[in-house]
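Here is a friendly walk through the fold and the charged pairs of this model. Have the viewer open as you read.

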Amino acid sequence: MALELYLDLFSQPCRAVYIFAKANGIPFVFKEVALIQGQHKTEEYGKVNPMKKVPALKDGDFTLSESNAILRYLARKFKTPDHWYPSDLQKCARVDEYLSWQHTNTRKCNSKLYTAKALLPLLLGQPAPPERLEQLMKELNEILDLLEDKFLQDRAFVAGSDISLADLLAVVDFMQPLGAGYDVFEGRPKLAAWRSRVQQAVGKELFEEAHRELFRERDWKFDRLSPEEKEQLTQNMLKYVQ
Amino acid sequence: MGLELYLDLFSPPCRAVYIFAKKNNIPFDFKAVELFKDSILGTKGPDTKSPEGATQAGPGTKITLTKKVPVLKDEAFSLADSTAILLYLSRKYKTPDHWYPSDIQKRAKVDEYLSWHQGNIRVQAPQTVWIKVLIPLFTGQPFSSDKLQRVMGEMAVSLRQFEEQFLQDQPFLVGREISLADLVAVVELMQPVAAGCDIFEGRPRLTQWRKRVEEAIGKEVFLQAHELILNIHKLSTIQIDPRLKEQVAPTLLKMLQ
């Protein structure tokens, strides 16, 4: 039975898994899990991933969640080129360090940014108030500083002169606010240059294909909510982005 | 110069690194970091930028209570994340296979746990110590039972997932032997215990698992690593400069919101 990857390309880690598999010619069956339709919450999906999140992998009877784990598993099983997850101890450690840090730091920040720039304006009928976003912007700047000064420094990529899993997870993550029309790398030429390098290393066509879902116009169905529900959702989102 | 490990045993990830190094007889220079003194006074600390917090704080600069430990320094190479450090040590010192199994599916399960842990237990467990001990220490106010209840509720959900999805009816998280997953989990779960919230109580399966993990690690090393945190009540006698209390209190009170 073929390898199955359960993905919604709106989600950052799903895009990383998708791009990695495609870029390395790994054969897989794409199983779409549409988050916006709540497909991740079904009992059926729960059998694949009881955590009810995406991405998930199914390889025969073996199931796996968490993009960090999935990416490493694919790299090992399909013996992808060394630079993705280097055998050199120190380079590998750089990748591990980034993978560990990113999913509780950059992921959350970029998701909040998307909410602030795309969703809140829909609910409010106007942009979210800047004072509300002050803390978020501060957090974003700290993260960008760390990306530049600690994880990249004067290297072309996180682990050295070649792209790795770290760059892949990073680049898809920072694309999320772009889905809301907001470029976090504006005014940061070093990071913008890194992003171009990563896109090129992955292949522009594949990169664009993977991001089509993010840029597609989405029907959030906010108009189907009652005024009270809408108000509650607005308040929740305002709290979330602070 | 050799391997240096900058650790504060108050911190769960530091305990994981400490135990792993000790258990595997990895020679290292223990560089003690005292989170409170050092992050507030910016006195000591490794010369590196932590991925989890701000850059090295000097006296008078931005006060940060975010973690700057553990840090590994191996000659010119430095690493500032506990997962990365554990993996690096296991590879460099070729530790027994069960810690990070060469079987790719078992290894993937360790990766999966370590990743999930960071977004769940790693976030919740330390909050018990903050809420019950540290914040009252710095602000002079009684601890917030509402906030504690909320965190314990979140922990209950995580622990249920821990038992039902990860541990299930296995002796350890990934099969029949202890791995990095168990190590990282157990040190974190000791944090609420130290705060007086025994999350093992009423959870027999979890308690049995903890016993097995302690035994596999070695009771002596386990106790040694946890001596500091288990004597946390002694912190209340620490003299904290009132000016520092004043500076730090607003940040802490915000944490309670």
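Read along the sequence, chain A runs β-α-β-α-β-β-α-α-α-α-α-α-α-α, with 10 helices and four strands (DSSP runs numbered from the N terminus: H or I of at least four residues for helices, E of at least two for strands). This is a predicted model, in which local features need pLDDT of at least 70 and side-chain atom pairs pLDDT 80 or more, while totals for chains, interfaces and linings use all residues. Residues are numbered from 1 along each chain as written, chains are lettered from A and ligands numbered from 1 in written order, and side-chain values use heavy atoms without hydrogens or water.

Of the 242 residues in chain A, 53% are buried (under 20% relative accessible area, 1.4 Å probe, protein chains only).

Now to the charges. Over all chains there are 19 salt bridges, each a side-chain nitrogen of Lys or Arg within 4 Å of a carboxyl oxygen of Asp or Glu. Three of them follow.

| Pair | N to O distance |
|---|---|
| A:Asp96 and A:Arg72 | 2.7 Å |
| A:Glu97 and A:Lys150 | 3.2 Å |
| B:Glu188 and B:Arg122 | 2.8 Å |

A:Glu97 sits in helix 4 of chain A and A:Lys150 in helix 6 (residues 130–152), so their pair ties together parts 53 residues apart in sequence. Is A:Glu97 buried or exposed? A:Glu97 is buried, at 1% relative accessible area, and A:Lys150 is buried at 7%. Both A:Asp96 and A:Arg72 are buried too. In chain B, B:Glu188 is buried at 2%, and B:Arg122 counts as buried at 16%. Shared partners in salt bridges also join A:Arg72, A:Asp96 and B:Arg91 into one network.

Technical notes: Buried < 20%, exposed > 50% of the residue type's maximum accessible area, 1.4 Å probe, protein only.
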